[in-house]
Amino acid sequence: MIRKLLITGGLMFASLPFFAQDNFDSPAFSTALKKLDADRTKLFANGKGSLIRTIGSFYSLYQSTIPIPGSDSFTVSVPVSSGRLYASYFFKSSVTLMDAKARSAKLVSALKNTFPESLQETQRTDTVNNFIYYKTCLQQAPFANCPEADYDVYIVFFKGAYQLVLRAYGKKSLPLPVKKQELITNITADDPQLEQKIRYLMTSMENFFETEKGKETLNSNEFYREFETKTSIWGLTGKIKDRKFETSVYFSADYRVLVDPAAAQKLYEKLKSIFMGLGKFRFSNETGDSNRKSIFGRQDNSAAAPGFTVVIDCYMLAGAPSAGFLLIKKKNSN
């Protein structure tokens with residue numbers, strides 16, 4: 001429960017401009033809820049749009065194609081290995097908790113009115129790090145645990161305002177393989193050998209990371225083969241993807257390593273300093289916004305072939321900070 005909140009809690013804050021008012025009791029809102037409810041019985045087969053990003057080895061985030069009136073943004077989260085499939089709808093923020101709770105009650109009422117005699121209500125409060133989630137869980141039968149809910153309506157305080165969120169869960173279990181997770185006890189953002197390990201990866205890259213390939217993962221498919229790295233950074237292994245025309249390695253520090261968005265930005269700056277100090281890349285201008293930063297580097301000698309590139313990025317999202325790098329080695333095309 002807590003891990004899911006940590007993984008996904010920060011994603012709600014990249015919302016579009018707010019709508020002026022709520023229309024939770026409108027016919028259009030009820031119609032949209034019925035369409036969403038029908039789609040969740042099909043595991044969002046109709047509502048899952050284009051991929052936005054994948055969050056480590058936990059969730060892949062997609063744009064939802066089923067809008068709900070008054071929502072600022074809407075996404076579908078698909079677990080990579082195990083977990084519940086769900087769609088999230090983010091509504092305008094409130095300045096006060098009292099106003100947010102009043103709007104939350106109206107949203108809950110709209111759900112119960114749309115699906116009369118089918119949803120039972122339970123309220124609870126969850127705390128994750130410095131964030132408090134005021135949650136109303138709705139399910140078709142009496143229950144004791146919110147993780148079994150059909151719908152969640154919750155409020156969380158972020159950037160001086162109270163965000164209102166509706167989450168709809170897939171109605172049946174997702175048939176995904178459950179990977180055995182090893183207990184990691186040495187996770188830390190302060191890896192004293194960080195630069196040394198990056199230099200070793202640069203050497204291994206010359207031979208397309210062959211010396212780094214560890215166990216092949218279950219994610220291998222017709223387009224690429226994926227391997228775990230032998231090297232670990234921050235106590236976490238990376239992922240090598242071997243494709244026809246390139247091989248890449250990706251390392252990412254997530255919420256298990258980084259305590260907050262500031263830590264993600266600090267690690268990002270450290271990674272930039274290390275890669276720029278190698279003298280092997282010509283970097284473009286940094287891009288991003290208040291939630292994300294990235295910078296792209298290309299092999300300094302553009303005439304050399306095959307070439308290599310690096311992308312360094314960080315996500316400064318409350319509840320889901322991350323920072324990492326992607327190294328790509330191009331193969332000869334002939």
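How many of the 334 residues of the chain count as buried, as a percentage? The figure is 50%. Buried here means under 20% relative accessible area, exposed means over 50%, and partly exposed is in between, with a 1.4 Å probe and protein chains only.

A word on the source. This is a predicted model, where local features need pLDDT of at least 70 and side-chain atom pairs count only at pLDDT 80 or more, while totals for chains, interfaces and linings use all residues. Residues are numbered from 1 along each chain as its sequence is written, and side-chain values use heavy atoms, with hydrogens and water left out.

Now the overview. The chain has five helices and 17 strands. These are DSSP runs, numbered from the N terminus: helices are H or I with at least four residues, strands are E with at least two. The chain exposes about 16600 Å². Carbon and sulfur atoms supply 51% of that area. Accessible areas come from the Shrake-Rupley method with a 1.4 Å probe; for residues, only the protein chains shown count as cover. Take the contacts between residues at least 6 apart in sequence: 53% of them join residues at least 24 apart. Contact means heavy atoms within 4.5 Å.

Next, helix H4. It covers residues 194–205, 12 residues in total. From first C-alpha to last, H4 reaches 16 Å, close to the 16 Å expected at 1.5 Å a residue. That expected span is 1.5 Å times one less than the number of residues. Which residues of H4 are buried? They are Leu194, Lys197, Ile198, Leu201, Met202, Ser204 and Met205. Seen down the axis, these buried residues fall within an arc of 165 degrees, so they line one face of H4. The arc is taken from the directions from the helix axis to the C-beta atoms. In general, an α-helix has 3.6 residues a turn, so residues three or four places apart point the same way. Gln196 and Thr203 are exposed, on the face of H4 turned away from its buried side. What do the buried residues of H4 pack against? Their partners include helix H5 (261–277), strand S10 (225–233) and strand S12 (246–253).

Let's follow those three. In H5 we find methionine 276. Methionine 276 counts as partly exposed because its relative accessibility is 41%. Beyond its neighbours within four places in sequence, methionine 276 is in contact with Phe283 and Ile295.

On to S10. Strand S9 (residues 213–216) runs antiparallel to S10, joined by two bridges. Strands pair if DSSP finds at least two bridges between them. Here lysine 213 stands opposite threonine 229. S10 also pairs with strand S11 (residues 236–242), antiparallel, over six bridges. In that pair, glutamate 226 stands opposite lysine 241. The S10 and S11 hairpin has two residues between the strands, and tryptophan 234 takes a positive phi near 60 degrees.

Last, S12. Threonine 247 sits in this strand. It counts as buried because its relative accessibility is 0%. Its side chain makes a polar contact with the side chain of aspartate 242, at 3.1 Å. A polar contact is a pair of N or O atoms within 3.5 Å; within protein, one must be able to donate a hydrogen and the other to accept it, and residues adjacent in sequence count only if both atoms are side-chain atoms. Glutamate 246 is also in S12. Glutamate 246 is buried, at 14% relative accessible area. Its side chain makes a polar contact with the side chain of lysine 330, at 2.7 Å.
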